[in-house]
There are 2 protein chains.
Amino acid sequence: MSRIVMKFGGTSVGSIDRIQNVSNIVKSVYDEGHEVVVVLSAMAGETDRLINLTKDISDNFSPEEYDVVISSGEQVSVGLLAAALNENGIGASSCLGWQIPILTSNDHKSARIEAIKSELINKILKDKKVCVIPGFQGITSEGRVSTLGRGGSDTSAVAIAAAINADYCDIYTDVDGVYTTDPNKVPEAKRLDKVSYEEMLEMASLGAKVLQTRSVETAMTNNVALRVLSSFANENKEDAGTIVTEEDAINDQRVVTGVTSSLNDCKITLIGVRDKPGIAAKIFSSLSENNINVDMIVQNISESSRTTDITFTIPKDDLLDAEKIMEQIKDDVPYESLLTDSNIAKISIIGVGMRSNAGVAAKMFSILSENDINIDVISTSEIKISILISNEQAEKAVNMLHQSFILDR
Amino acid sequence: MSRIVMKFGGTSVGSIDRIQNVSNIVKSVYDEGHEVVVVLSAMAGETDRLINLTKDISDNFSPEEYDVVISSGEQVSVGLLAAALNENGIGASSCLGWQIPILTSNDHKSARIEAIKSELINKILKDKKVCVIPGFQGITSEGRVSTLGRGGSDTSAVAIAAAINADYCDIYTDVDGVYTTDPNKVPEAKRLDKVSYEEMLEMASLGAKVLQTRSVETAMTNNVALRVLSSFANENKEDAGTIVTEEDAINDQRVVTGVTSSLNDCKITLIGVRDKPGIAAKIFSSLSENNINVDMIVQNISESSRTTDITFTIPKDDLLDAEKIMEQIKDDVPYESLLTDSNIAKISIIGVGMRSNAGVAAKMFSILSENDINIDVISTSEIKISILISNEQAEKAVNMLHQSFILDR
């Protein structure tokens, strides 16, 4: 007997038929004799519908009340699934965030889980019932409803798995695992049987949409064994899916595990910035104060003049805000002009094997060069290399890198 | 400064525009310096949408989970209104049933309010904020979400008004008060300035849809001053609406205050029932055990034979269930045949003045007789007389009675 947390996303519970399907999947696991906790998102489309209601009231909708409104979506799906399980002959009870409780920080709309009490969940499991919990929500120390921000249901599932010492946290989604690259774009993409937390973390933050970054972090910190499974395929579960686990648990380690591509960033270049100490700090602290995440940064060396060019990338959604901020700091950080470019793609290769394999970057750059793909910006970490190229060449780059690194062994 | 509970129904919060309208009404009352608590229903149509989801899962949907699903509707409307009030420049905070808490019995889907803690509401009012509370919901002693059954928001409002010692409980609805009869059918209908709790109770249970019966009961028990006001009309509030209050507070008392008509009942007649003690008890206890409310009962006197005919009325919705039950008890209660009739109308005249005015029933019967309206069944209480007639004659009967009793003074 294992203790298993099963998490299903909005698409998996997007209609009554799909909720019945989830009920059958949960039943098959429960019938094997396991203790089962289910974590759900809102029915697909529901969160957007609720967000639109709040936007119709005000662009400046109270964050506290936003969480009250939006969290109702998950409340509906857990009630429906718990009743569907009953109908399916299984004892089940929903447990809302405030009932457990799932305690979070006071940051409404993007709260962090701080503690999860396990008593009520354990009691329900002891009664041989399935416990059905809404993802994405909790309560603050002030007793108000909070939400974790979009995609937070994965994080809820992992945090609950950690709190109740679950053996597995199974993330059911509309794909059947983690792939070496996006299988919709590269038919040769292979499903990975196992991937390390570190690799998954890089892949999640670099555009692989299978798991939410914070959920992988939480799994890594708490050493929760994550499995990515499909809620649609009808496969033998033993053979299917991807296990996200510790690096040591992976025998057959490739040098490069995955290739990702993201079109979500844009590039800002400040031309002719006066080159003196503290300038970079001023620029990037003003962005971070406004919650704009800067990803890649390049500063060209200035030789002849006392000015330099600074290039950085940020999410496309934040471009207008970032331009405003750059305008505001112009008195403190004099620069000649500002260029923006949204037609860029960030291509990354990821693999813990890079640590012990020299020459991966060199090989990457020569593959791209052979294919006439110009590299704009480079950024590296221990287990990944990211480059910025023109978005028109993204598909070609991913195909070439995937072919060379993943398939050439 | 008064302390006022303002309750708005589903139609009043049925769209973003209407929520903004409610926000303006609340603001106008708040700006007069009053302490304001708002109680809301779910947005019109939302409760039905949620109920349909539960029906699609199962005809036998778990009552506990039903309450979890359905209560989400009010959660959305309170969040939206609280934020709209903020947008309108007024401090406001939503307070869900479990936050207050509103403690109820364990009867899921039709719970009764048992206690309401006033601390949180008082704290919000002390902070000069409007407190926005979802009607219709609470939590059980087991800490699970409960709902009061349909229309329960009125009851929530009155119970909250009693708990916090409010000066008024204002029920905002889509009509501007309580009328002598349905103004949509009888143009001569007059709005009543004041009506007694007892009369309102009879009118509510006899088909006037302005207030829910249980809410009037709760108001009467706790002596809460109820006002029925329109959330659409833009009248001077002092002149408008109907006050539901104690009989003694009404100076200008008519003999008949209102005429109501209801098409919601059907009639069942058991022909040839063996006439012996305990038969009636057996019939009606079997119905009551199945939560079927019997209204009027007539038993014809048997003269020549040892059998009798028993006629009673029940809500149309329960007809199929009642027929099944009558079939089941046939062994214990032998009868020859069962007749049903859904083409009936119940017409009632109500007025506390009847207590001290003889001849009201005689006048009623002669008016009907003069108009060739045949009376099928009669039932009376201290302050009302109800009759059953053919539904084709309902409109005529109401018009004639209204004309004679209400307008002939």
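**Entry 1: the sheet in chain B**

I began with chain B, where 8 strands make an open sheet of mixed pairing, in the order 3-6-2-1-9-11-12-10. From one strand to the next the twist averages 20 degrees. For the terms, I note that helices (H or I, at least four residues) and strands (E, at least two) are DSSP runs numbered from the N terminus, and that two strands pair if DSSP finds at least two bridges between them.

This is a predicted model, in which local features need pLDDT of at least 70, side-chain atom pairs count only at pLDDT 80 or more, and totals for chains, interfaces and linings use all residues. Residues are numbered from 1 along each chain as its sequence is written, while chains are lettered from A and ligands numbered from 1 in the order in which they are written.

I then looked up strand 3 of chain B, which pairs with strand 6 (residues 130-134) of chain B in the parallel sense over 3 bridges. Opposite S93(B) I found C131(B) of strand 6 of chain B.

At strand 10 of chain B I checked what lies across the sheet. Helix 7 (residues 197-205) of chain B lies across strand 10 and strand 12 (242-245) of chain B, at about 85 degrees to strand 10 of chain B. Axes are lines fitted to C-alpha atoms, for helices over the stretch in contact, and angles run from 0 to 180 degrees between N-to-C directions. Contact between two residues means C-beta atoms, placed from the backbone, within 7 Å.

**Entry 2: chain A as a whole**

I counted 12 helices and 20 strands in chain A. The radius of gyration of chain A is 23 Å, close to the 22 Å of the globule rule for 409 residues, so chain A is as compact as a globular protein of that length. That radius is taken over C-alpha atoms, and the rule is 2.2 Å times the number of residues to the power 0.38. Of the 409 residues of chain A, 47% count as buried, meaning that 20 or more other C-beta atoms, placed from the backbone, lie within 10 Å of a residue's own.

Chain A is divided into domain 1 (3-248) and domain 2 (253-409), with bounds from an automatic or database domain assignment. Their contact takes 18 residues from domain 1 of chain A and 19 residues from domain 2 of chain A. On the domain 1 side, helix 7 of chain A gives the largest share, 4 residues.

Helix 6 (residues 152-163) of chain A has 12 residues, and 16 Å separates its first C-alpha from its last, close to the 16 Å expected. The expected span is 1.5 Å times one less than the number of residues. Helix 6 of chain A is largely enclosed by the rest of the structure, because 12 of its 12 residues are buried. Just after this helix, N165(A) takes a positive phi of about 55 degrees.

In strand 13 (residues 258-262) of chain A, 5 of the 5 residues are buried. One side holds G258(A), T260(A) and S262(A), and the other V259(A) and S261(A). Strand 13 of chain A pairs with strand 18 (residues 344-350) of chain A in the antiparallel sense over 5 bridges. There S261(A) has I347(A) as its bridge partner.

**Entry 3: chain A against chain B**

The contact between the chains takes 28 residues from chain A and 28 residues from chain B. Helix 4 of chain A supplies the largest share of the chain A side, 11 residues.
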